[in-house]
Amino acid sequence: MVAYKSKVVERIHLPSRARRERALEEAGYNVFNLASEEVFIDLLTDSGTGAMSDAQWAALVRGDESYAGSRSFDELEAAVEAVMGFSNVVPTHQGRGAENVLYGSLLSDGDVVLNNTHFDTTRAHVANQGAEPVDCPVESAHDPTADEPFKGNFSLESAWAVVDDVGAERVPVVIQTVTNNSAAGQPVSVENTRDVAAFADEIDATFVIDACRFAENAAFVARREAEFADTEIDHIAREQLGYADALVMSGKKDGLVNAGGFVATDDDALFEQCKQRAILYEGFPTYGGMAGRDVAAMAAGLREAVEEAYVTDRIEQVRRLATMLEDAGVPIYTPAGGHAVYLDAGTALSHLPPEAFPGQAMVCALYQEGGVRGVELGSFAFPDTDRPELVRLAIPRRTYHTEHVEHVVETAVAVLEESESIPGLELVSEPEMPEIRHFTAELEPLSS
Ligand SMILES: *Cc1c(COP(=O)(O)O)cnc(C)c1O
């Protein structure tokens with residue numbers, strides 16, 4: 001059931017094929033270098049790219065820009081308490097600001113941090129404190145065809161192996177990322193959260209939930225975890241998050257805003273530490289690097305994120321895209337996650353070896369064919385790992401309609417039909433840090 005109608009619209013258009021080909025060449029076959037006007041349907045990311053509701057726009061106008069004691073902060077505090085069950089909130093400019101504030105307060109040199117899978121910025125912030133990030137995904141996480149309900153889960157077996165190896169005293173923080181963004185946006189069961197909380201308790205570690213997509217996760221729990229079959233989304237969210245000692249949140253995901261984030265905790269001592277660090281890096285703790293109006297819009301967005309109609313509309317749109325692609329014979333990662341559909345470029349462009357970047361070749365072909373911008377998450381983005389060659393089509397929240405989804409499917413099918421003629425790519429220039437080369441590196445097609 002469709003849950004929205006449009007009140008404000010933005011004009012988009014598909015540039016001519018000749019213009020798309022020229023734009024791609026000028027961008028060095030890296031779609032991060034494309035101007036947004038060159039893109040017809042932009043599925044680069046779901047981060048901060050969604051549409052706000054009329055209630056959120058109204059909240060923007062009413063935002064209180066006071067430096068200290070802003071009324072908009074009170075609204076955020078009340079929303080976090082009501083939706084997530086935490087009473088202490090430290091706002092930040094976005095999710096990575098929250099990571100800096102929290103992990104800077106909890107970690108020091110030589111520590112080891114366990115996570116189902118560290119998201120890029122989490123990994124960087126853990127490493128930035130001199131600590132070592134270790135991933136503990138379940139085995140099926142990187143299997144594009146395993147038909148399991150919770151491929152985002154945290155593997156306790158792997159976690160215990162690390163603790164047995166390094167000693168519990170070196171592991172002060174355990175993180176669970178819901179949904180597991182770096183494992184194709186796969187959900188985490190509440191049962192797994194309970195087990196990880198008990199594990200963290202046993203080794204005397206602080207249990208943090210990276211709650212960026214907590215509402216999408218709750219929707220999967222309602223559909224797939226028998227215990228919660230008749231439970232409302234907002235109850236599931238509060239129960240799952242309630243096992244954590246602290247949360248990090250990016251408002252750009254399930255906060256339904258274009259900027260913002262926060263740390264939340266019930267631990268008063270940790271709250272004090274976070275506030276001090278927030279003053280240093282983010283701003284006074286009632287605005288934390290956000291405009292008061294953005295704080296107000298995020299407070300409204302959090303409440304909307306756990307509305308049944310919103311979250312159903314959201315994950316059903318992603319599922320519909322996945323089903324349409326599958327029915328058309330396009331190989332994808334299954335089951336689909338909460339925020340994106342991942343194309344299996346290794347299978348679709350099986351004539352290309354990893355060193356010819358099949359994922360990036362497919363990203364370029366999707367743009368050339370239909371002006372659709374996705375992102376490569378394979379051998380181009382993650383050199384020297386043996387990840388599957390995936391292309392992510394991330395869906396902005398409340399933004400695109402069924403016609404847009406149909407265009408994406410038609411584009412993918414056209415690419416698949418001509419797949420054998422799609423050339424591989426080679427690097428022409430790359431920045432010094434290999435971890436972030438996919439943002440700026442330039443490539444060119446291999447001559448066949
Ligand atoms: C986006 C994201 C972050 C970082 O948030 P930003 O708002 O982009 O700084 C952290 N963790 C996860 C799981 C994310 O998806």
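UniProt annotations may be inferred rather than shown by experiment, and feature names are shortened here. With that in mind, the UniProt record, an unreviewed entry, puts the feature "domain: Aromatic amino acid beta-eliminating lyase/threonine aldolase" at residues 42-409. The structure itself is a predicted model.

Next comes the ligand. The space it takes up is the second largest pocket. Around the ligand there are 14 residues, and those that come nearest are Gln94, Arg96, Asp210, Ser250 and Lys253.

The side chain of Ser250 has an N or O atom 2.7 Å from an oxygen atom of the ligand. For Gln94, an N or O atom of the side chain lies 2.8 Å from a ligand oxygen, and for the side chain of Lys253 the distance from an N or O atom to an oxygen atom of the ligand is 2.8 Å. How much of the ligand does the protein bury? Taken alone, the ligand exposes 370 Å², and the protein buries 97% of that.

The backbone has a few spots worth a look too. Most peptide bonds are trans, and most residues other than glycine have a negative phi. Against that background, Val178 and Thr179 are joined by a cis peptide bond, with omega at about -20°. Thr179 belongs to the loop that links strand E5 (173-177) to helix H7 (190-202). Ala184 is also found in the loop between E5 and H7, and its phi is positive, near 55°, in a residue that is not glycine. Another cis peptide bond connects Thr334 to Pro335, here with omega at about -10°. Pro335 is located in the loop between helix H12 (308-327) and strand E9 (340-344).

Notes
Residues numbered from 1 in each chain as written. Predicted model: local features only at pLDDT ≥ 70, side-chain atom pairs only at ≥ 80, totals over all residues. Heavy atoms only, no water. Near = heavy atom within 4 Å. Polar contact = N/O pair within 3.5 Å; in protein donor to acceptor, adjacent residues only side chain to side chain. Areas by Shrake-Rupley, 256 points an atom, 1.4 Å probe, with all protein chains shown as cover. 1 Å grid on protein atoms, 1.4 Å probe; cavity = no way out; pocket = protein on both sides within 12 Å on 5 of 7 lines; lining within 4 Å. Sits in = over half its atoms within 2 Å of the grid points. Helix = DSSP H or I, 4+ residues; strand = E, 2+ residues; numbered from the N terminus.
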